[in-house]
Amino acid sequence: MYGKGITCQVVLKEALTAAGLYDNLADLKILEVGCNAGNKLAALVALGCAPCNLYGVDLSSKSLAIAKENLPEEVHLKHVAVEAPFDYTFEEVPQFDLVFCCSTLPHVPLESRVEFLEKPKKLGARYFMLHEAWYSEPLRKEWFGWIFHFDDWLQVAKDSSGLGDCIYKKNLELVHPETKEMFAPLSHDLLAVFQVAF
C-alpha cells in the first residue's frame, strides 16, 4: 500500500490513463516480467483487462504456482531463467501493447541490464512501464542469499537504446498499512512509463 491509502490498482490506473491506454484495457496484450504471485496481474483484471490478454513470466516456479491459484485460468504464465537471453516470448503473441516490471530490475545482473531493457522493443511493445525502488546512486544488497542491485532506474532506462521517451513518472512512498511508517525511508518507489522508440 502507498501513502494515504492508495492501492496498487489506483496507481496502475493512473499510469495507464497517463499513457492513453486505460480506455482500451480489454483489448490490450500486456506482459509482466517478474510477475511473482500475480498481484499486479490481478489488479489489471480488476481494472478491466481481459485475462486471456494478460501474460506473466517469473524465475520462481513457487511464485508462479501461487499466481496460478490466484488468477483466472485464462492468464498465461511462464517460468523463465534469470540469466540472459531472457526468453519472454509467447509464440501466439507477436507484439505486446505494454510490457512492465515491478521490483524486478534489482534482480538483473549488472552486465545484463542493457539486454534486459532492450527486450520491450524486441517484443514489439508500444509501451514499457517500470515500478522499482529508486536510489540516487548504485547500491548492492544481499538478502536471504539473493543479490540485489538498486539504482536510479529512470536514468538507467534513459541510457538504454531500447527505450524511448518517458511520458509519465511518479514518485511513490511505500508505507505499512497499519503503522503508516515508510518501508524504505532512504528511497522511494519510482513508477514510469516509456513510449518505446522504433
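Predicted model: local features only at pLDDT ≥ 70, side-chain atom pairs only at ≥ 80, totals over all residues.

Me: How many helices and strands does the protein have?
Reply: Helices (H or I, at least four residues) and strands (E, at least two) are DSSP runs, numbered from the N terminus. From that end, the elements run α-β-α-β-α-β-β-α-β-β-β-α-β-β. The count is five helices and nine strands.

Me: What share of the residues in the protein is buried?
Reply: Buried means under 20% relative accessible area, exposed means over 50%, and partly exposed lies in between (1.4 Å probe, protein chains only). The protein has 198 residues, and the buried share is 48%.

Me: Where on helix 1 do its buried residues lie?
Reply: Helix 1 covers residues 8-18, and Val11, Leu12, Ala15 and Leu16 are buried in it. The arc is taken from the directions from the helix axis to the C-beta atoms. Seen down the axis, the buried residues of helix 1 fall within an arc of 125°, so they line one face of the helix.

Me: With which side chain does the side chain of Asp151 make a polar contact?
Reply: Asp151 lies in the loop between strand 7 (146-150) and helix 5 (153-159), and counts as buried at 10% relative accessibility. A polar contact is a pair of N or O atoms within 3.5 Å; within protein, one must be able to donate a hydrogen and the other to accept it, and residues adjacent in sequence count only if both atoms are side-chain atoms. At 2.8 Å, the partner side chain is that of Arg113.

Me: Is His149 buried or exposed?
Reply: His149 lies in strand 7. Leaving aside neighbours within four places in sequence, His149 is in contact (heavy atoms within 4.5 Å) with residues including Leu105, Leu110 and Arg113. Its relative accessible area is 15%, so His149 is buried.

Me: Is Leu59 buried or partly exposed?
Reply: Leu59 sits in the loop between strand 2 (54-58) and helix 3 (61-70). At 31% relative accessibility, Leu59 counts as partly exposed.

Definitions and conventions:
Residues numbered from 1 in each chain as written. Heavy atoms only, no water.
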